[in-house]
Amino acid sequence: MADKLKDQDIENAEFAFGIYDCDGSGKIDAYDIPDVLRALNLNPTLELCEKMGATKKRGEKKLTVEEFLPIFAQVKATKEQGSYEDFMECLKLYDKQENGTMLIAELEHSLKALGEKLSDDEVTELFADCMDPEDDEGNIFYAPFLKKMMDNPIIYKK
């Protein structure tokens, strides 16, 4: 599977891998697999990352770049990842006035209750980094929020 990667993909993967190789050993902690994949502009779920060998705790397993490349290739080929357009369609469901806005409270509830749930602290950090101020009625423009969130992935460490 890794042999289907383009040279540029391999170079990008090696660069991102190197950033997470904190001790210069040529290995990363399997706990960091989701973060490395997100640094490569992929949006895998934690479930998919665990299927690919990611661990829930730091220090359980290490892997080399040669072991990481097939994981990268397989996740890159996976079509389950959501795109900007996919997420926009979902957020439009909350746009009751059809003007590009939604209640910040609904977004916060969705992030904390649906799918891969975020903690209160994660939502607070996400909003601080990606959210424009809400209006007097508690609405935000969701397109700029989503763009900032997807262009600058935030890495949360639990």
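**Rings, core and cysteines**

A: Phenylalanine 68 and phenylalanine 72 lie about one helical turn from each other because they are four residues apart in helix α4. Helices here are DSSP runs (H or I, at least four residues; strands are E, at least two), numbered from the N terminus. The model is predicted, so local features need pLDDT of at least 70 and side-chain atom pairs count only at pLDDT 80 or more, while totals for chains, interfaces and linings use all residues. Residues are numbered from 1 along each chain as its sequence is written, and side-chain values use heavy atoms, with hydrogens and water left out.

Q: How are the rings of phenylalanine 68 and phenylalanine 72 placed?

A: Rings of Phe, Tyr and Trp (its six-membered ring) pair if their centres lie within 6.5 Å; planes under 30 degrees apart count as stacked, over 60 as edge-to-face and the rest as tilted. The centres of phenylalanine 68 and phenylalanine 72 are 6.3 Å apart and their planes are at 10°, so this pair is stacked.

Q: How many aromatic pairs does this rule give?

A: The count is three. In one of them, the ring centres of phenylalanine 17 and phenylalanine 68 are 5.9 Å apart with planes at 45°, so that pair is tilted. It links distant parts of the chain, since phenylalanine 17 is in helix α1 and phenylalanine 68 in helix α4, 51 residues apart. Phe17, Phe68 and Phe72 make up one aromatic cluster.

Q: Is phenylalanine 72 buried or exposed?

A: Buried means under 20% relative accessible area, exposed over 50%, and partly exposed in between (1.4 Å probe, protein chains only). Phenylalanine 72 has 3%, so it is buried. Phenylalanine 68, at 0%, also counts as buried.

Q: Which residues touch the most other members of the largest nonpolar core?

A: In soluble globular proteins, nonpolar side chains tend to be buried together. A nonpolar core is a set of buried Ala, Val, Leu, Ile, Met, Phe, Trp, Tyr and Cys residues joined through side-chain atoms within 4.5 Å. The largest one has 24 residues, and Leu37, Phe68 and Phe72 touch the most other members. Helix α4 supplies its largest share, seven residues. A second, separate core has 15 residues, including Met88 and Val123.

Q: How many disulfides are there?

A: A disulfide is a pair of cysteine sulfur atoms within 2.5 Å. The count is zero. For cysteine 22, the nearest cysteine sulfur belongs to cysteine 49, 17 Å away. Cysteine 22 is exposed, with a relative accessible area of 73%.
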